[in-house]
Amino acid sequence: MSYPDAAETSATFRPADTVEALAVGSATARFVAPGSVTGGQYGLFRWDPGPGGGPGPHYHRTFSEAFYVLHGRIRLYDGERWVEATAGDFLYVPPRGVHAFRGDEDEPSSMLILFAPGSPREAYFSELAANLAAGRAMTDEETTTFLARHDQFMVAPTRRP
């Protein structure tokens, strides 16, 4: 790896009160540093799941994801097994790696989700939130199309925690 010869003034500061928060059903997504802020290098979101909320096992073809638990308990699926993660626990998922997550049923929890490169994942969460808020149930075909448009592919269901 090479390093630049000269320094530059190019940092971006985002005060907490300027970070968009989006209700996604009973969860909240905060777009701390979407790819549009990082020049597409990565995206960083804070995810506060609702009780038991989260996607089933899935994978992404074009980006990796990493999960860092801030507080509470979050169930993480690493493609083979569900584990109960608590503050400080971390899961890295390479492109095409099967994974899932679920919020704890009894207590609030929160985690950071980092994905690289910084694809526009906020579009996925925004569209999902709009559908949930409208009470719109998608058909299986619509769901598959929606997920594929956002590089999310579900795998055969496994036993959920």
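Reader: Why does Arg73 count as partly exposed?

Author: Because its relative accessibility is 24%. Buried means under 20% relative accessible area, exposed means over 50%, and partly exposed is in between (1.4 Å probe, protein chains only). The model is predicted, so local features need pLDDT of at least 70 and side-chain atom pairs count only at pLDDT 80 or more, while totals for chains, interfaces and linings use all residues. Residues are numbered from 1 along each chain as its sequence is written, and side-chain values use heavy atoms, leaving out hydrogens and water.

Reader: Which residue meets Arg73 in a salt bridge?

Author: Glu84, at 3.7 Å, N to O. A salt bridge is a side-chain nitrogen of Lys or Arg within 4 Å of a carboxyl oxygen of Asp or Glu. This pair links distant parts of the chain: Arg73 sits in the loop between S5 and S6, Glu84 in strand S7, eleven residues apart. Strands (E, at least two residues) and helices (H or I, at least four) are DSSP runs, numbered from the N terminus.

Reader: Why is Glu84 called partly exposed?

Author: Because its relative accessible area is 44%.

Reader: Which residues are linked with Arg73 and Glu84 in a network?

Author: Asp104 and Glu107. Salt bridges connect the four of them.

Reader: How many salt bridges does the whole structure have?

Author: Eight. One of them joins Asp78 to Arg81, with the closest N and O atoms 2.5 Å apart. Another is Glu127 with Arg149, at 2.4 Å, N to O. Those two sit far apart in the chain: Glu127 is in helix H1 (residues 121–133) and Arg149 in helix H2 (residues 140–149), 22 residues apart.

Reader: New topic. What is the order of the strands in the open sheet?

Author: S7-S6-S9, three strands with antiparallel pairing. The edge strands are S7 (82–85) and S9 (100–103), and each pairs on one side only. Two strands pair if DSSP finds at least two bridges between them.

Reader: How many bridges join S6 to S9?

Author: Four, and S6 covers residues 74–77. Tyr77 stands opposite Ala100 there. Four bridges also join S6 to S7, where Ile74 faces Ala85.

Reader: Which residue in the S6 and S7 hairpin takes a positive phi?

Author: Gly79, near 95°. That hairpin has four residues between its strands.

Reader: Now Glu65. Buried or exposed?

Author: Glu65 is buried, yet has no salt bridge. The nearest side chain of opposite charge, Arg121, is 5.1 Å away. For charge, Lys and Arg count as positive, Asp and Glu as negative, and His and the chain ends are not counted.

Reader: Which side chain makes a polar contact with Glu65?

Author: His60, at 2.9 Å. A polar contact is a pair of N or O atoms within 3.5 Å; within protein, one must be able to donate a hydrogen and the other to accept it, and residues adjacent in sequence count only if both atoms are side-chain atoms.

Reader: Where is Glu65 found?

Author: In strand S5, residues 64–71.

Reader: Last one. Where is Ser109?

Author: In the loop between S9 and strand S10 (110–116). Ser109 counts as buried because its relative accessibility is 5%. Beyond four places away in sequence, it touches several residues, including Trp47, His71, Arg73 and Ile74. Contact means heavy atoms within 4.5 Å.
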